[in-house]
Every structure is written in C-alpha cells, then in structure tokens.
Amino acid sequence: QWTTSSIVEEQVRRISDQIGDGRAICGLSGGVDSAVAAALVQRAIGDRLTCVFVDHGLLRAGERTQVEQDFVSATGVNLITIDARERFLDALAGVTDPEQKRKIIGREFIRVFEQAERDLKAQGDYRFLVQGTLYPDVVESGGGEGTANIKSHHNVGGLPDDLQFELVEPLRLLFKDEVRRVGLELGLPETIVQRQPFPGPGLGIRIIGAVDQERLDTLRAADLIAREELTAAGLDRDIWQCPVVLLADVRSVGVQGDGRTYGHPVVLRPVSSEDAMTADWTRLPYEVLERISTRITNEVAEVNRVVLDVTSKPPGTIEWE
Ligand code: XMP
C-alpha cells in the first residue's frame, strides 16, 4: 500500500538516479502540477534545479507573488522570473478572435521559455526538463491545466535541435488528488496545492474583445473580489472553478449615485465538475452572489453590471473563449 511519504521517497530516489549530477529546468505556471513536480525535483537535486516563471501579464491578482514568495520560501528553489508583460500585450494588441489569441499566447510563451532555456544551457549542464505530466494526461495525452502550453509544445517535438532535453516527469503515475497530497507532504502552501484550475492563456481568454492593460486591470479587480467572497463563504471546495469574464465590447447604461454610467458587464461562471469534460452551473447561494455583485459594481469603476452564466457544459464550454 502506497503512502504519500513512500511516494515522495520513491520519486526522489528515481529522480536522483535519472538526473545524476546533471542540471534541470522546470517551467512554473503557478498551478499545482508544475509546483509539485518542481518541489519533488528540488528535494532530489537541490540547487541543480532552476525554475523559470514567465509573467505574461495575464495572471490573476497575487499569482506572481504566490510563486515568487510562497513557493520559493516553502521549497528554497532557484527561481528566475521573466517579466514578459509588454511583449504579450504588444503581440495581443487588437486581436479579438479566441483561437488567434490562444495561438499568439502559446507562441510567445514558447519563445520566451526557449530563450530562458538557451540562456541556462549557456551557463551550465542543463540537460533535463521537468514536466508536471499527470497520469490522466499520459492516458489521454490531452489537455490539462497550467503547463499545457509547455506540454503540448515539448510533447510534439517542436524543439530546435540544439535544445534537446531529457524529460523528467515525476507525476506520471499520479492522479490529481495524489499530487495534492504529495504537495502537502512536501510542505507546499494550501494556496498552491488546492488551487482551482486556471487556463494557461489566463485572463487573455476571459476578456471578450481585444486585450489591453486597462481591461486586464478591470478584470483582475473583479476576479479578485469574486474569489475573496467565494473563499469567505467557504465554497472553494464545492466549485470546480468560477471564471469571471469581462465583456469588453459590450456596454450598458447604469446609474450610480446621481450619475448615468455606461460601463461593461462581467459574467460570473461558477461551475461544478468532476473532470472538466462536462460541467453543471453551480447554484451559488443568493447572498454570496449579492455580495459579489455589490462589491464589484462598487469597487470596480468600469463595471456597472454583473450577470450569471446558467449554462451547463455541454453546450457551453467552461471558459468563454
Ligand atoms: P473548457 O473551456 O474547454 O475548459 O470547458 C475545460 C477546462 O480546461 C481549462 N482550460 C485550459 N487549461 N490551458 C489550460 O491549461 C488552456 O488553454 C485551457 N483552456 C481551458 C478550463 O479552465 C477548464 O478548467
């Protein structure tokens, strides 16, 4: 019978055997899988692991800090953060088509990450690349959370010849709940281990319309309020996730104080699901919806209307784009 601590011991031993005295790179997405994979490898090879975190500017409030401070202080890992916010904003300027956005974000991500790989390879014997591939990913070789961009890229063999890595995949035999237990065993904070799914393209696909800095700030503020209120109501474990979507090209008339407003709606998309293949819209308590709505319309200047998405999947996907 496998206990969590025996899984950790066994994996640490295997990783040490595989990597020997080499060096490894791990891309962190802010998600559970890459964090736990990195923490395991760090246990095994210490500072011969370097983690790379790309801030593409499409993150939610607090996510960069979570990686740079909470994850680093829990693990002592070497971390390089690449601030690529401007680059992504430039590449996304004026783009409204969802697939186009996804392609641009994926492409830019790969370029930035490959540059980091090259820089590290120039500095030392980095021959290994750590991936947070889970058992279900192996079976379906499908989507997944967080590191999907890195995954799909590296798995399809799109690497230039001079950038060959041997993969280290310490979570290949584990399911998500086991990964979470391993994370806790390794001392990772709950905020990382229990994090709900968040798409690789981030807030870029939750702005319906073109992405710009102001819209990102608006959405980030509304999203933070929704997350705070859901957490305060103790609902984090009951919902799969709750995307907040900014309808940036829609305006409606409102009234605040004595003044007429002409602002944007945000959509709350709370869903319940087992595996994200199908989902039902979550019947959140009215009081919680009311608090989220009141706070968002009071605190986020550009937003004057909050609407609720009551569509299951199918026919709706969880994300709007
Ligand atoms: P959909 O919108 O297809 O989403 O119903 C299903 C689940 O996948 C997440 N999602 C992504 N995760 N990269 C990811 O890592 C992506 O490009 C991506 N798109 C969607 C979504 O949040 C939901 O949990």
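**Exercise 1. Determine whether Ala276 is buried, partly exposed or exposed, and describe its backbone.**

Solution. Start from the count around the residue: Ala276 has 17 other C-beta atoms within 10 Å. A residue is called buried if 20 or more other C-beta atoms lie within 10 Å of its own, exposed if 12 or fewer, and partly exposed in between, with the C-beta atoms placed from the backbone. Ala276 is therefore partly exposed. Finally, look at the backbone: Ala276 has a positive phi of about 70° although it is not a glycine. Most residues other than glycine have a negative phi, and most peptide bonds are trans.

The model is a predicted one, in which local features need pLDDT of at least 70 and side-chain atom pairs count only at pLDDT 80 or more, while totals for chains, interfaces and linings use all residues. Residues are numbered from 1 along each chain as its sequence is written.

**Exercise 2. Find which peptide bonds next to Pro314 are cis, and locate them.**

Solution. The bond from Lys313 to Pro314 is cis, with omega near -10°. The bond from Pro314 to Pro315 is also cis, with omega near 10°. Pro314 is found in the segment after strand E12 (303-308), and Pro315 likewise lies in the segment after E12.

**Exercise 3. Work out the strand order of the five-stranded open sheet, and state what lies across it.**

Solution. The order is E3-E2-E1-E4-E5, and the pairing is parallel; two strands pair if DSSP finds at least two bridges between them. The edges are strand E3 (78-83) and strand E5 (166-168), each of which pairs on one side only. From one strand to the next, the twist averages 30°. Within the sheet, strand E1 (residues 23-28) and strand E4 (residues 126-130) pair in the parallel sense over four bridges, and Ile25 stands opposite Leu129 in E4. Helix H5 (residues 98-123) lies across E1, strand E2 (49-55), E3 and E4, running at about 150° to E2. Axes here are lines fitted to C-alpha atoms, for helices over the stretch in contact, and angles run from 0 to 180 degrees between N-to-C directions.

**Exercise 4. Characterise how helix H10 (residues 213-232) and helix H11 (residues 286-299) are oriented, and which residues make their contact.**

Solution. The two axes come within 9 Å and cross at roughly 150°. Angles under 35 degrees count as roughly parallel, over 145 as roughly antiparallel, 65 to 115 as roughly perpendicular and the rest as oblique; H10 and H11 are therefore roughly antiparallel to each other. The contact, which requires C-beta atoms placed from the backbone to lie within 7 Å, involves Ala221, Ala222, Ile225, Ala226, Glu229 and Leu230 of H10, together with Val288, Arg291, Ile292, Arg295, Ile296 and Glu299 of H11. These residues divide into eight nonpolar, no polar and four charged, where Ala, Val, Leu, Ile, Met, Phe, Trp, Tyr, Cys and Pro count as nonpolar, Asp, Glu, Lys and Arg as charged, and the others, Gly among them, as polar.

How values were computed:
Helix = DSSP H or I, 4+ residues; strand = E, 2+ residues; numbered from the N terminus. Contact = placed C-beta atoms within 7 Å.
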